[in-house]
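Here is a quick tour for anyone meeting this model for the first time. Have a look at the picture, then read on.

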Amino acid sequence: MGTILKGVSRVRWDELKHAYGSAADVPGVLSRIAWGDALASAAALSDLALWIGELAVFDATAAAAPFLWDLAVTETVTSRAGVIELLQTILEHGNPRQPKVQLEAHQTVLSRRPTADRLTHDSDPAVRVAAQDLLAAIDSHPGESCCRA
């Protein structure tokens, strides 16, 4: 799938779940976010947000989050601010029935705090604002205590 999404084909997406079932369709959506024009990228991002973050987090969320970080730092991606906003959404949502999945998803976002900090200095003002909001969410996150059953 190219250098942006390097390793996406090694994930067993068909064994993972998102809000509506099998996550087998996630790589194609990530690809549309990465290489689509502004309209296609935004539509794909909207779909992905519903699947992996807005309702709850899932095992597909944790698998997708590293690729979202890669998209957020790639200047050719047209919806970088939206990708950063999705990372914040992931951090703000949970899955009380699956605290281990929630913890993994949150840790994947939290682990890249230095990247969020770097994005606060991006040349794109929308990216800077989204990164500042994400950084605030990271800094106020309760850590592992968020994920106790």
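## H3 alongside H5

Let's start with two helices: the axes of H3 and H5 come within 8 Å and cross at roughly 5 degrees. That makes H3 roughly parallel to H5, a label for angles under 35 degrees. Axes here are lines fitted to C-alpha atoms, for helices over the stretch in contact, with angles running from 0 to 180 degrees between N-to-C directions. Helices (H or I, at least four residues) and strands (E, at least two) are DSSP runs, numbered from the N terminus.

Who does the touching? On the H3 side there are Asp59, Thr61, Ala62, Ala65, Pro66 and Trp69, and on the H5 side Val101, Glu104, Ala105, Thr108 and Val109; contact means heavy atoms within 4.5 Å. Sorted by class, this contact has seven nonpolar, two polar and two charged residues. Ala, Val, Leu, Ile, Met, Phe, Trp, Tyr, Cys and Pro count as nonpolar, Asp, Glu, Lys and Arg as charged, and the others, Gly among them, as polar.

A word on the ground rules: this is a predicted model, where local features need pLDDT of at least 70, side-chain atom pairs count only at pLDDT 80 or more, and totals for chains, interfaces and linings use all residues. Residues are numbered from 1 along each chain as its sequence is written, and side-chain values use heavy atoms, leaving out hydrogens and water.

## H4 across H5

H5 (residues 99-110) also meets H4 (residues 80-92), with axes that come within 9 Å and cross at roughly 140 degrees. Leu87, Ile90 and Leu91 of H4 make the contact with Ala105, His106, Val109 and Leu110 of H5. Six of these residues are nonpolar, one is polar and none is charged.

## An aromatic pair

The structure holds one aromatic pair (ring centres within 6.5 Å). The rings of tryptophan 13 and phenylalanine 67 have centres 6.3 Å apart and planes at 50 degrees, so the pair is tilted, meaning neither under 30 degrees (stacked) nor over 60 (edge-to-face). Tryptophan 13 sits in the segment before strand E1 (17-18) and phenylalanine 67 in helix H3 (residues 59-72), so the pair ties together parts 54 residues apart in sequence.

Are these two buried or exposed? Tryptophan 13 is buried, at 4% relative accessible area, and phenylalanine 67 is buried too, at 7%. Buried means under 20% (1.4 Å probe, protein chains only).

Technical notes. Phe/Tyr/Trp six-rings, centres within 6.5 Å; stacked < 30°, edge-to-face > 60°. Buried < 20%, exposed > 50% of the residue type's maximum accessible area, 1.4 Å probe, protein only. Parallel < 35°, antiparallel > 145°, perpendicular 65-115°, else oblique.
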